[in-house]
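Let's take a friendly walk through a protein model together. Have the 3D view ready so that you can follow along.

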Amino acid sequence: MRLIAGGVALSLGLLVGTPQQAAADEWGGSLDLTSDYIVRGISRSNDQAALQVDLHYLNTSGFLAGVFASNSRIDPTQPVDVEVDGFLGFGWTAGSDWRGKILATHYAYPGNRNGFDYAYDELDLDWTYQEWLGMSLTFSPDAPRFSSYREGWVRGAAETAELNVQRPVLGKLSATAGAGYAFYGSDSTGYAYGSIGAAYDLSPVSLVLSFVDTTAGAKTLFYNVPSGRQWAGTVIWRF
C-alpha cells in the first residue's frame, strides 16, 4: 500500500487514506515488503515479492507531492525492473467526517526496453468517510493493455471505480474489504476485482493479509493475471 490509493495498488484497506490538512509542512513516507505487487487485481511483479518505497510532502494548504518506487516484472519473459511513479495533488477536509484528495500521477518504467509501452498517466479522486469507508474514481487517457490480436501493447482510455472498507474488530486488528471495476472504453470491456482480509496495527508498522480475486474479463486485457484467487501479504513501515 501507499499514499496513491487509486493509482497503483489494489487497496488492502484504508491504511493510508486521505492526508489530513497539515498543521505544518510535513514530509513522510513508507517502506513496504509485499508478497505480490497487485494493482486492481493484476500482478505487476509476476506474482512475486516486491520491495516498495514512498516519499511524499504535504503543506498547510493541502498541496501534496511525492514519488513511489517498486520492483516490477510486467512481462514474465523479461528480467525484474523498476516502476517509478511521480504524483501531485491536493487534499482537503469537508466537516469532521469527510476528507478528499485529487491526484495526478505518471507511471514510468525507466531502464525497461518496453518501458514506453507500459508508461501511462492517471487522474484520481478519493473520498474517505470517518476513516473507515473509502471511495475512488480514476481516469487514464492512455492506459496500456496487451492485445493478442496485435501481439503487442496498445493504449486507450480507461476508468475505474473502487470502494474500500476497514473496520476494527478486536484491539489493533481490523477487517478489510475492497471491490472495484475497471472499464476500458476502447474495447468496451472491463473486469471486476476485489479483496477481503485483515490488518494489524503495530505503529509505525502494519501487517496486512488479503485474499484477492479477479474476474475472467481481465484475461482479455492482460497476459499476466493472478490465477483468479490468491493471497497477498504486506509489511508496511511508515516514517
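The report below looks at a hairpin, a core and some aromatic rings.

## Before we start

This is a predicted model, where local features need pLDDT of at least 70 and side-chain atom pairs count only at pLDDT 80 or more, while totals for chains, interfaces and linings use all residues. Residues are numbered from 1 along each chain as its sequence is written, and side-chain values use heavy atoms, with hydrogens and water left out.

## A hairpin

Strands here are DSSP runs of E with at least two residues, numbered from the N terminus. Strand 10 (residues 152-170) and strand 11 (residues 173-184) run antiparallel and are joined by 12 bridges; two strands pair if DSSP finds at least two bridges between them. Two residues lie between these strands in the hairpin, and Gly171 in the turn has a positive phi of about 60 degrees.

## The core

The largest nonpolar core holds 14 residues, and Tyr184, Tyr191 and Phe222 have the most contacts inside it. Such a core is a set of buried (under 20% relative accessible area) Ala, Val, Leu, Ile, Met, Phe, Trp, Tyr and Cys residues joined through side-chain atoms within 4.5 Å.

## Aromatic rings

Look for 12 aromatic pairs in the structure. Rings of Phe, Tyr and Trp (its six-membered ring) pair if their centres lie within 6.5 Å; planes under 30 degrees apart are stacked, over 60 edge-to-face, and the rest tilted. Trp27 and Tyr57 form a tilted pair, 5.1 Å centre to centre with 50 degrees between the planes. Ring pairs also link Phe90, Trp92, Trp98, Trp127, Tyr129 and Trp132 into a cluster.

Notes
Helices (H or I, at least four residues) and strands (E, at least two) are DSSP runs, numbered from the N terminus. Buried means under 20% relative accessible area, exposed over 50%, partly exposed in between (1.4 Å probe, protein chains only).
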